[in-house]
Amino acid sequence: MAQITEKGNGRDTNVDLNIVPFIDLMCVCIIFLLVTAVWTQVSMIQIGSSVYSKRTEATPDEPPPRPEVAFRLDVVSSGYVVKIGKNQLSIPKVSAAYDDRTLMAELQKIKKEYPDKKDGVITVQEELTYDDLIHGMDMLLRGGFEEISVAAGGGAP
């Protein structure tokens with residue numbers, strides 16, 4: 001234990017310094033430096049291999065990844081609205097029921113055009129029920145869109 005002896009006004013004063021918090025801080029700093037040093041080294045290896053590797057004529061150029069196309073299904077009181085990229089298609093209700101057959105045909109067209117696409121966003125107007133949301137999600141699942149996100153505040157015509 002550290003001890004400081006101070007002589008002021010002719011009296012001896014003993015002060016004990018608590019160095020435990022300082023030791024704790026140093027231990028945390030050492031662990032942090034060790035962990036970050038490893039990650040820095042790994043990232044340097046990855047960058048170095050891509051920058052300094054030799055490029056030969058035989059190396060084929062890979063095409064850039066296909067840009068993600070936004071896909072959204074809006075469930076509104078008048079029917080479905082399918083938005084793919086900048087295109088929008090309205091599927092109105094038939095005899096007060098959602099036209100699932102037409103929606104499924106459109107989903108299959110989208111899946112055929114974008115076979116790698118698995119994600120879709122669904123929105124529902126606020127006045128519609130939870131069952132309408134679940135029904136729309138089921139239609140997306142049957143159409144092959146497994147990664148469904150629910151967005152709030154959508155579905156406005």
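User: Which residue does lysine 109 form a salt bridge with, and how far apart are the closest N and O atoms?

Analyst: Lysine 109 pairs with glutamate 106, and the closest N and O atoms are 3.4 Å apart; a salt bridge here is a side-chain nitrogen of Lys or Arg within 4 Å of a carboxyl oxygen of Asp or Glu. Please keep in mind that this is a predicted model, in which local features need pLDDT of at least 70 and side-chain atom pairs count only at pLDDT 80 or more, while totals for chains, interfaces and linings use all residues. Residues are numbered from 1 along each chain as its sequence is written, and side-chain values use heavy atoms, with hydrogens and water left out.

User: Where do lysine 109 and glutamate 106 sit in helix α2?

Analyst: Lysine 109 and glutamate 106 are three residues apart in helix α2 (residues 100-113), so about one helical turn separates them. Helices (H or I, at least four residues) and strands (E, at least two) are DSSP runs, numbered from the N terminus.

User: Is lysine 109 buried or exposed, and what about glutamate 106?

Analyst: Lysine 109 is exposed, with a relative accessible area of 52%, whereas glutamate 106 counts as buried at 18%. The cut-offs are under 20% relative accessible area for buried, over 50% for exposed, and partly exposed in between (1.4 Å probe, protein chains only).

User: How many salt bridges does the count come to?

Analyst: The count comes to four salt bridges. One of them joins the side chains of arginine 72 and aspartate 74, at 2.8 Å from N to O; arginine 72 is partly exposed at 28% relative accessibility, while aspartate 74 is buried at 1%. Another joins aspartate 119 to lysine 117, with 2.9 Å from N to O, and of these two, aspartate 119 is partly exposed with a relative accessible area of 30%, while lysine 117 is buried with 7%.

User: Which residues are linked in a network of salt bridges?

Analyst: Arg72, Asp74 and Lys83 are linked in that way.

User: And lysine 83, what is its bridge partner in β5?

Analyst: In terms of strand pairing, the partner of lysine 83 in β5 is glutamine 88.

User: OK, switching to the sheet. What is the order of its strands?

Analyst: The sheet is open, has five strands in the order β5-β4-β3-β6-β7, and shows mixed pairing; two strands are taken to pair if DSSP finds at least two bridges between them. Strands β5 and β7 (147-150) stand at the edges with a single partner strand each, so one side of each has no neighbour in the sheet. From one strand to the next, the twist averages 20°.

User: Which strands does α2 touch?

Analyst: Helix α2 packs on the sheet and touches β3, β4 and β5, with its direction at about 10° to that of β4. Contact means heavy atoms within 4.5 Å; the axes are lines fitted to C-alpha atoms, for helices over the stretch in contact, and angles run from 0 to 180 degrees between N-to-C directions.

User: How does β4 pair with β3, and with β5?

Analyst: Strand β3 (residues 71-76) pairs with β4 in the antiparallel sense over six bridges, and β4 pairs with β5 (residues 87-92) in the antiparallel sense, over six bridges as well. A hairpin of two residues joins β3 to β4, and β4 and β5 form a hairpin with two residues between them, where glycine 85 in the turn has a positive phi of about 65°. Glycine 79 of β4 is the bridge partner of valine 76, and in β5 glycine 79 is partnered by proline 92. Strand β4 (residues 79-84) is mostly covered, with five of its six residues buried.

User: Where is alanine 96 found?

Analyst: Alanine 96 lies in the loop between β5 and α2 and is exposed, at 70% relative accessibility. Its C-alpha atom is 8.9 Å from that of glycine 79, which is 17 residues away along the chain.

User: Last one: which residues make the nonpolar surface patch?

Analyst: Val15, Leu17, Ile19, Phe22, Ile23 and Met26 make a nonpolar surface patch of about 520 Å². Patches are made of residues with over 30% relative accessible area and no salt bridge, with like charges joined within 9 Å and nonpolar side chains (Val, Leu, Ile, Met, Phe, Trp, Tyr) within 5 Å; accessible areas come from the Shrake-Rupley method with a 1.4 Å probe, and for residues only the protein chains shown count as cover. Strand β2 (11-17) and helix α1 (20-52) each supply at least two residues of the patch, and the largest share, three residues, comes from α1. Isoleucine 23 is in helix α1 and counts as partly exposed at 43% relative accessibility.
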